[in-house]
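Dear colleague,

I am handing over the structure below, together with some notes on the charged pairs in it. Please look through it first and then read on.

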Amino acid sequence: MGRKKIVAGNWKMNTNLDEAISLISDIKTGSNHSSQIEKIIFAPFPFLKTAVDNLATETNFFVGAQNCSEHIKGAYTGEVSAEMLSSIACDFVLVGHSERRTFFKETDGQLILKIQHALNNNLKVIFCFGEHLEERKHGQHFDTVKLQLENVLKSFSEEQLKNIYLAYEPVWAIGTGETATPEQAQEMHAYIRRIVSHLFSEVTAQNLPILYGGSCNAQNASELFSCADVDGGLIGGASLKADDFCKIISSF
Ligand code: PGA
């Protein structure tokens with residue numbers, strides 16, 4: 001059996017309620033022939049319950065939060081816990097996105113706690129990582145990715161890894177219009193699978209979905225998705241246009 005095929009949209013801090021509702025509705029209509037593809041919408045916190053309700057009867061459609069707290073509960077004003085997300089029937093949480101690492105200085109230790117709380121509350125995780133441009137220029141991209149993966153995944157069991165997907169997002173490609181070439185993506189995804197195989201087992205590595213993210217769009221998605229180790233995409237900018245997002249879903 002082949003691995004799952006997945007297209008996830010990360011809306012970031014975009015849309016208001018009306019826009020979110022119509023975007024969901026347009027994506028539903030435009031992707032109704034794609035029941036084999038797992039589709040995940042990472043909407044902003046205030047619209048998650050609406051997204052859950054509007055997608056409840058759809059096949060293979062899931063809703064995710066873009067972040068969760070590293071704390072379980074209590075006096076942490078402004079934070080959103082994994083338990084809260086679980087209680088509104090949210091399915092996924094994004095952890096380790098480069099914007100969270102850069103702007104909010106999230107450390108590996110915090111990422112581990114977030115993943116633990118997510119898994120303890122029956123949420124699945126998409127764990128993001130990827131190298132900066134300077135690291136690639138200096139030929140350090142493999143070492144960077146290896147460290148990012150080992151530092152966090154070593155805290156989890158092989159059983160827990162069944163609820164963690166990976167997203168390789170080279171930072172130089174996020175929101176820049178510059179995409180990794182299919183060769184660069186495939187090379188890194190195959191390397192990531194080897195690391196997971198060493199950390200856990202070959203079977204787990206072969207079953208693990210690894211998404212590519214970073215300026216993936218309606219034009220380049222099919223080339224990227226045709227790579228043997230690329231199991232789909234985490235889409236930022238292009239997930240805000242229903243037409244483009246649906247084209248990406250049809251790109252396998
Ligand atoms: P982008 O964002 O598609 O706009 O480059 C991807 C991401 O940040 O997940």
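Predicted model: local features only at pLDDT ≥ 70, side-chain atom pairs only at ≥ 80, totals over all residues.

Lys137 takes part in a salt bridge with Glu134, in which the closest N and O atoms are 3.8 Å apart. Both residues belong to helix α6 (residues 133-137), where they are three residues apart and therefore separated by about one helical turn. Glu134 is partly exposed, with a relative accessible area of 45%.

Elsewhere, salt bridges with shared partners link Arg3, Arg193, Asp229 and Asp231 into one network. In total, the structure holds 14 salt bridges.

One of these joins the side chains of Glu99 and Lys12, at 2.8 Å from N to O. Because Glu99 sits in helix α4 (residues 98-103) while Lys12 sits in the loop between β1 (6-10) and α1 (17-30), this pair ties together parts that are 87 residues apart in sequence. Glu99 itself is partly exposed, at a relative accessible area of 24%.

A further pair lies within helix α2 (residues 48-55), where Lys49 and Asp53 are four residues apart, or about one turn of the helix. Their salt bridge has its closest N and O atoms 2.9 Å apart. Lys49 is partly exposed, with a relative accessible area of 41%, and Asp53 is also partly exposed, with a value of 45%.

Key. Residues numbered from 1 in each chain as written. Heavy atoms only, no water. Salt bridge = Lys/Arg side-chain N within 4 Å of Asp/Glu carboxyl O. Helix = DSSP H or I, 4+ residues; strand = E, 2+ residues; numbered from the N terminus. Buried < 20%, exposed > 50% of the residue type's maximum accessible area, 1.4 Å probe, protein only.
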